[in-house]
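Me: I have a model open and want to go through its packing. Can you take my questions as they come?

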Amino acid sequence: MVTFHRLLLLICVTSIFAMGLVMIFNTTSAEVLDHALAKSTHQALFKQMSYAFIGLILAAGVWSIGYQRVLSWSPYLLIFFSFLLLLTLIPGIGKEVNGSRRWLGIAGFSFQPSEFVKYIVPAYLTYRLQQADGPFLSFKAFLKLIAQVGIPILLILVEPNNGTAGVIGLSVVVMCVMTRVRFKYWALPLSVLLFIGAVSAYHLPYVSARLKVYLHPELDLRGKGHQPYQAKIAAGSGQIFGRGPGNSLQKLSYLPEAQNDYIAAIYAEEFGFIGIASLVFLYMLIGYVGFYIAHTTQNRGGFYFATAITFLICFQAFMNLGVVSGLLPSTGLNLPFFSQGGTSLMANIMGLGLLLNIAQEGEYAYV
């Protein structure tokens with residue numbers, strides 16, 4: 001059964017990635033031709049495939065060394081990537097795009113450390129919490145642990161990258177629930193932090209503008225409301241069966257940068273409700289298989305880590321599709337394995353390699 005589920009997981013991810021490649025070429029080539037840009041129509045496609053190849057190398061690496069060793073290395077990885085996050089904030093080293101410093105440039109490739117931190121933080125929590133049973137963890141030890149993972153989260157917030165920081169924060173909550181950390185340790189402090197964070201974020205122009213656009217996109221159709229508004233038009237015009245492959249109108253400069261966060265809107269326009277429902281079903285299958293793998297592993301660390309990896313992939317998909325449909329405000333999170341985004345693709349493929357390695361643990365549920 002485990003072998004079947006691993007095969008099913010690979011089929012789902014490969015299908016999503018293949019559809020994503022088609023849509024990336026579809027949208028980026030239209031942009032190149034529409035604006036008569038001096039670059040190849042296949043450039044974005046080849047770049048995405050290059051990142052996928054690097055991701056496969058990373059996945060093969062973590063699969064061969066084993067997730068247990070990755071967990072044992074997590075304290076050093078957390079320190080190293082916190083240092084990289086700090087470098088992104090330094091002018092001249094970090095690359096600024098649209099007012100955010102999230103990237104480091106390496107040999108012509110843009111590298112976003114926060115995408116790997118999504119997996120490193122749960123790995124570190126798994127490593128620490130499996131050494132001490134949750135209910136017997138002292139409050140002092142818990143605060144120390146939260147302070148350690150709070151450093152990279154704070155650095156990501158400073159970039160600013162609120163969507164990624166929020167996803168990592170939620171993964172911490174998931175880990176606390178799974179490991180049975182005492183409710184009073186994290187629930188009240190979390191409520192206070194959420195209240196302070198919400199009040200502070202509302203007074204940040206970057207966040208308050210997104211909330212206003214979410215509530216009333218028509219008030220800023222030439223600015224931040226343009227993408228959400230056009231995404232609704234794209235998704236709605238697809239109706240049941242879509243306009244057909246390659247027949248999207250919104251990709252012709254109406255929906256800018258559609259190959260990133262809003263690529264699902266173009267997909268919905270071309271393939272309609274049937275197409276987007278099929279995509280959602282594939283993510284649901286990934287969720288089912290991921291949690292099945294977590295349930296059948298005999299190792300407590302594998303159970304924690306597999307659950308966290310599955311949560312990260314599925315929750316990001318939920319958030320992205322929620323933004324595209326207009327149900328949620330813009331978060332800056334792309335669609336896993338589908339959207340254009342090199343570092344995100346590499347990190348998610350690496351997460352897939354870890355999940356497959358955990359699946360080798362066995363077929364009996366951890367109790």
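Predicted model: local features only at pLDDT ≥ 70, side-chain atom pairs only at ≥ 80, totals over all residues.

Me: How many helices and strands in the protein?

Reply: There are 12 helices and 3 strands, taken as DSSP runs (helices H or I, at least four residues; strands E, at least two) numbered from the N terminus.

Me: And what percentage of the residues is buried?

Reply: Buried residues are 50% of the 367 in the protein, where buried means under 20% relative accessible area, with a 1.4 Å probe and protein chains only.

Me: Switching to helix packing. At what angle do H6 and H11 pack?

Reply: About 145 degrees, with the axes of H6 (residues 162-178) and H11 (residues 300-324) 10 Å apart. Axes are lines fitted to C-alpha atoms over the stretch in contact, and angles run from 0 to 180 degrees between N-to-C directions.

Me: Which residues of H6 and H11 meet?

Reply: From H6, Val167, Leu170, Ser171, Val174, Met175 and Met178; from H11, Tyr304, Thr307, Ala308, Phe311, Leu312, Phe315 and Gln316. Contact here means heavy atoms within 4.5 Å. The residues of this contact are 10 nonpolar, 3 polar and no charged. Ala, Val, Leu, Ile, Met, Phe, Trp, Tyr, Cys and Pro count as nonpolar, Asp, Glu, Lys and Arg as charged, and the others, Gly among them, as polar.

Me: Now phenylalanine 17. Why does it count as buried?

Reply: Because its relative accessibility is 19%. Phenylalanine 17 sits in helix H1 (residues 2-35).

Me: What does phenylalanine 17 touch, leaving out residues up to four places away in sequence?

Reply: Gln48, Ala52, Phe337 and Leu345.

Me: Last topic. How many cavities of 30 Å³ or more?

Reply: A search of the whole structure gives 1. A cavity is a set of points on a 1 Å grid over the protein atoms alone where a 1.4 Å probe fits but cannot get out, and lining residues have an atom within 4 Å of a point. The largest cavity holds about 100 Å³, a volume being the space filled by probe spheres set on the points.

Key: Residues numbered from 1 in each chain as written. Heavy atoms only, no water. 1 Å grid on protein atoms, 1.4 Å probe; cavity = no way out; pocket = protein on both sides within 12 Å on 5 of 7 lines; lining within 4 Å.
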